[in-house]
Amino acid sequence: MEHVDEQIQTGDLPLESTLLSEPDLTHRYGVAINTVRRAIRHLWEQGILEAVPAKVTFGIAAP
C-alpha cells in the first residue's frame with residue numbers, strides 16, 4: 001500500500017493509470033492476495049484509487 005501510494009506521489013504511476021491485477025500484485029510484492037485486497041480497499045477508502053465502472057480494475061484517482 002505504501003509503495004503504491006509512493007509511486008503515485010512521485011509520478012511513477014500517472015493519474016488515471018490502472019493497477020496490475022491482484023495476482024500480479026501478489027507476485028510482485030510477495031504477499032498474500034488478502035493483503036493486496038486490504039491495501040487496495042484502504043487506498044480506495046482514502047480516495048487515492050477509484051473503481052472504474054464496468055471493469056474489475058482500479059485507476060489512480062485524479063485530484
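Helices are DSSP runs of H or I with at least four residues, numbered from the N terminus. Keep that in mind as you open this predicted model, where local features need pLDDT of at least 70, side-chain atom pairs count only at pLDDT 80 or more, and totals for chains, interfaces and linings use all residues. Residues are numbered from 1 along each chain as its sequence is written, and side-chain values use heavy atoms, with hydrogens and water left out.

Start by selecting Tyr29, which sits in helix H2. Tyr29 has a relative accessible area of 30%, so it counts as partly exposed (between buried, under 20%, and exposed, over 50%, with a 1.4 Å probe and protein chains only). Beyond its neighbours within four places in sequence, Tyr29 is in contact (heavy atoms within 4.5 Å) with His3, Val4 and Gln7. The C-alpha atoms of Tyr29 and His3 are 9.5 Å apart, though 26 residues separate the two along the chain.

Next, select Val4. Setting aside neighbours within four places in sequence, Val4 touches Leu13, Leu19, Tyr29 and Leu43.

Val4 also belongs to the largest nonpolar core, a set of 10 residues that includes Leu13, Leu19 and Leu43. Such a core joins buried Ala, Val, Leu, Ile, Met, Phe, Trp, Tyr and Cys residues through side-chain atoms within 4.5 Å. Helix H3 gives the most to this core, with 3 residues.

Finally, show H2 (residues 22-29) with H3 (residues 33-45): they pack at about 110°, their axes 9 Å apart. That makes H2 roughly perpendicular to H3, a label for angles of 65 to 115 degrees. At this contact, Glu22, Leu25 and Thr26 of H2 meet Ile33, Val36, Arg37 and Ile40 of H3.

Notes:
Axes are lines fitted to C-alpha atoms, for helices over the stretch in contact, and angles run from 0 to 180 degrees between N-to-C directions. Helices (H or I, at least four residues) and strands (E, at least two) are DSSP runs, numbered from the N terminus. Angles under 35 degrees count as roughly parallel, over 145 as roughly antiparallel, 65 to 115 as roughly perpendicular and the rest as oblique.
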